Amino acid sequence: MMIRRTFLSLCASFGAIAPFGLLAQTSSEPLLYKPGILGDYLGRGATVFLDFKASWCTTCAAQTRVMDKLKAERPAYAQNIIFIDVDWDTYGRSQFATRMRIPRRSTLVVLKGDDELGRIVADTREEKIRDLMDAALTAATAR
């Protein structure tokens, strides 16, 4: 019979050795931003794709449709990149958005460590979004 302490120790060990994407994001659904989440993932070496969006924003909805299509075509995006939705109505005027110089909703930003790898503002063109997602994937899979 497994003792609770042994079970917890095994779970913690698995977390340390398992592929990052396996534990971080198990579906193509993005995580929801909350204070501290970005630092947690960046601190673990993840490549993070931020989507500053609002539920009422038609440009944001168009960007989401393109990103969903691209993730369906290339599962490696969802397997290697941490996608985080940032609710513009909640965080658009926050210190976080100000510090990142986010000008408006429908802004997409890719980060790894202390570096911004790219951003798109209010652009819905598939090729532009694919280029940004490819940059994120390249960074996420670089060893």
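**Close-up views of a predicted model**

View 1. With a relative accessibility of 49%, aspartate 89 counts as partly exposed, since the class of exposed residues begins over 50%. In this predicted model, aspartate 89 belongs to helix H6, which covers residues 88–91. Once its neighbours within four places in sequence are set aside, the residues in contact with aspartate 89 are Ala54 and Trp56. Alanine 54 lies 35 residues away from aspartate 89 along the chain, yet the C-alpha atoms of the two are separated by 6.3 Å.

**View 2. The five-stranded sheet.** Five strands form an open sheet with mixed pairing, and their order is E1-E3-E2-E4-E5. The edges are taken by E1 and by strand E5 (115–121), each of which has a single partner strand, so one side of each is left without a neighbour in the sheet. Strand E4 (residues 107–112) pairs with E5 in the antiparallel sense over six bridges, and within this pair valine 110 stands opposite glycine 118 of E5. Helix H4 packs on the sheet, where it touches E2, E3, E4 and E5, and its direction makes about 150 degrees with that of E2. Helix H8 also packs on the sheet, touching E2, E3, E4 and E5, with a direction that makes about 165 degrees with that of E5.

**View 3. Strand E3 and its two partners.** Strand E3 spans residues 82–87, and five of its six residues are buried, so the strand is largely enclosed by the rest of the structure. Strand E1 (residues 31–32) pairs with E3 in the parallel sense over two bridges, and here leucine 32 has aspartate 85 of E3 as its bridge partner. Strand E2 (residues 47–53) also runs parallel to E3, to which it is joined by six bridges, and leucine 50 stands opposite isoleucine 84 in E3.

**View 4. The packing of helices H4 and H8.** Helix H4 (residues 58–73) packs against helix H8 (residues 126–141) at an angle of about 60 degrees, and the axes of the two helices are 10 Å apart. That angle makes H4 oblique to H8, because the roughly perpendicular range runs from 65 to 115 degrees and the roughly parallel one lies under 35. The crossing of the two helices is right-handed. On the H4 side the contact is made by Gln63, Val66, Met67, Lys69, Leu70 and Lys71, which meet Glu126, Ile129, Arg130 and Met133 in H8. Sorted by class, the residues in this contact of H4 with H8 are five nonpolar, one polar and four charged.

Conventions. Residues numbered from 1 in each chain as written. Predicted model: local features only at pLDDT ≥ 70, side-chain atom pairs only at ≥ 80, totals over all residues. Heavy atoms only, no water. Axes fitted to C-alpha atoms, helices over the stretch in contact; angles between N-to-C directions. Helix = DSSP H or I, 4+ residues; strand = E, 2+ residues; numbered from the N terminus. Parallel < 35°, antiparallel > 145°, perpendicular 65-115°, else oblique. Left-handed = near helix turned anticlockwise from the far one by under 90°. Contact = heavy atoms within 4.5 Å. Nonpolar A, V, L, I, M, F, W, Y, C, P; charged D, E, K, R; others polar. Buried < 20%, exposed > 50% of the residue type's maximum accessible area, 1.4 Å probe, protein only. Pairing = 2+ DSSP bridges.
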